[in-house]
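Please read it alongside the sequence and coordinates shown here.

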Amino acid sequence: MQTTEFIWFDGKMLPWADARVHVLTHALHYGSAVFEGIRAYACADGSSAVFRLHDHCQRLINSGKILRMQIPYTAEQLVDACVETLCANKLAEGYIRPLSFVGQGEMGVYPGNNPVQTIVAVWPWGAYLGAEALEKGIRVKTSSFLRSHVNSSMSKAKASANYINSILAKVEAKEDGYDEAVMLDTNGFVSEATGENIFMLRGGVLKTTPLASPILDGLTRASVIALARDLGYTVEEQIFTRDELYLADEAFFTGTAAEITPIREMDRRQIGKGEAGPVTKHLQQEFFRIVRGENPKYAGWLHTYRV
């Protein structure tokens with residue numbers, strides 16, 4: 001991880017090494033935290049653009065609401081904090097991590113009146129699943145770990161505690177020689193990956209798991225649905241099985257970190273031609289035009305700034 005100079009911590013810009021918490025911080029023991037992952041992209045005109053920044057900040061607020069955490073900032077204040085942190089670190093392109101967490105105070109599952117603290121960190125970060133993944137695609141396996149039931153851990157909150165499920169699945173996949181894991185829901189249908197939503201193309205129809213399933217309401221997912229429909233593709237949000245995914249003509253993950261990453265193989269079965277297919281490439285191309293400010297139709301998705 002490439003460190004930067006400053007981290008925004010409860011309204012103050014602190015040196016990276018000084019952004020610390022106590023070892024008895026509630027979130028460290030019980031996972032009582034919510035976070036976002038956001039990307040900033042350098043644009044051809046010398047400016048930079050953060051993709052769907054306000055939407056990400058609003059989702060952080062929403063996640064806090066679901067977990068009964070009162071985040072002491074508005075979405076607009078968090079937007080300002082993200083841009084301020086990017087500029088303080090002179091970062092024209094990179095990853096942004098806002099995090100709100102229950103701080104030190106009462107110890108025990110009940111957080112009591114412990115303060116809710118918030119940080120924003122930024123750093124350079126390339127392709128999440130590897131430099132060649134966007135072009136060649138990745139190998140995935142069906143995880144032995146199921147996504148939690150919709151009423152067990154609140155899947156629409158981007159909560160830190162939810163990610164122990166993802167950690168278990170990711171470690172298993174990596175140790176078995178795969179790049180990523182596909183997780184099923186408690187009914188046996190395809191849910192999502194450890195940090196990505198899933199799309200499959202079969203018979204000219206793009207399918208993605210519906211929000212009624214235990215998946216995160218991904219902003220890249222929503223953007224790709226809108227983009228694909230604008231490009232003339234048929235998109236359906238419906239449940240599907242792992243063996244239907246085996247028979248897909250193309251499949252890919254979406255997410256802030258993963259962007260649009262093709263799946264070339266699942267459970268030792270080749271997906272389509274075993275590489276990024278033409279629809280996936282088309283969506284990738286148009287997506288990267290949008291995030292780099294080259295398609296004015298989607299300018300509303302971008303928050304521009306200059307360092």
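## Aromatic pairs

Phe252 is buried, with a relative accessible area of 1%; buried means under 20% relative accessible area, exposed over 50%, and partly exposed in between (1.4 Å probe, protein chains only). Phe199 is also buried, and its relative accessible area is 1%. This is a predicted model, in which local features need pLDDT of at least 70 and side-chain atom pairs count only at pLDDT 80 or more, while totals for chains, interfaces and linings use all residues. Residues are numbered from 1 along each chain as its sequence is written, and side-chain values use heavy atoms, with hydrogens and water left out.

The structure holds eleven aromatic pairs. Rings of Phe, Tyr and Trp (its six-membered ring) pair if their centres lie within 6.5 Å; planes under 30 degrees apart count as stacked, over 60 as edge-to-face and the rest as tilted. The rings of Phe199 and Phe252 have centres 5.1 Å apart and planes at 10°, so this pair is stacked. Phe199 sits in strand E11 (residues 197–202) and Phe252 in strand E14 (residues 250–255), so the pair links parts of the chain 53 residues apart. Helices (H or I, at least four residues) and strands (E, at least two) are DSSP runs, numbered from the N terminus.

For Phe287 and Phe288, the ring centres are 5.5 Å apart and the planes stand at 75°, so the pair is edge-to-face. Both Phe287 and Phe288 are buried. One aromatic cluster is formed by Phe51, Phe287, Phe288, Tyr298 and Trp301.

## Nonpolar cores

A nonpolar core is a set of buried Ala, Val, Leu, Ile, Met, Phe, Trp, Tyr and Cys residues joined through side-chain atoms within 4.5 Å. The largest has 27 residues, and Val50, Leu53, Cys57, Cys82, Leu86 and Ile96 have the most contacts inside it. Two or more residues each come from strand E4 (38–42), helix H2 (53–66), helix H3 (75–88), strand E6 (94–102) and strand E7 (116–123). H3 gives the largest share, seven residues.

Leaving aside residues up to four places away in sequence, Cys82 touches Ile38, Leu53, Cys57, Ile96, Pro98 and Val120; contact means heavy atoms within 4.5 Å.

## Cavities

The structure holds two cavities of 30 Å³ or more. On a 1 Å grid over the protein atoms alone, a cavity is a set of points where a 1.4 Å probe fits but cannot get out; lining residues have an atom within 4 Å of a point. Grid points are joined across faces, edges and corners, and a volume is the space filled by probe spheres set on the points.

The largest cavity has a volume of about 40 Å³. Its lining residues are Arg39, Tyr41, Phe51, His56, Thr220, Gly255, Thr256, Glu259 and Phe287. The second largest cavity holds about 30 Å³ of space. Helix H4 (133–136) and strand E15 (259–266) each supply at least two residues of its lining.

## The loop at Val21

Val21 lies in the loop between strand E2 (12–15) and helix H1 (26–30). At 47% relative accessibility, Val21 counts as partly exposed. Val21 touches Phe9 and Phe101, not counting residues up to four places away in sequence.

Definitions and conventions
On a 1 Å grid over the protein atoms alone, a cavity is a set of points where a 1.4 Å probe fits but cannot get out, and a pocket is an open set with protein on both sides within 12 Å along at least five of seven lines; lining residues have an atom within 4 Å of a point.
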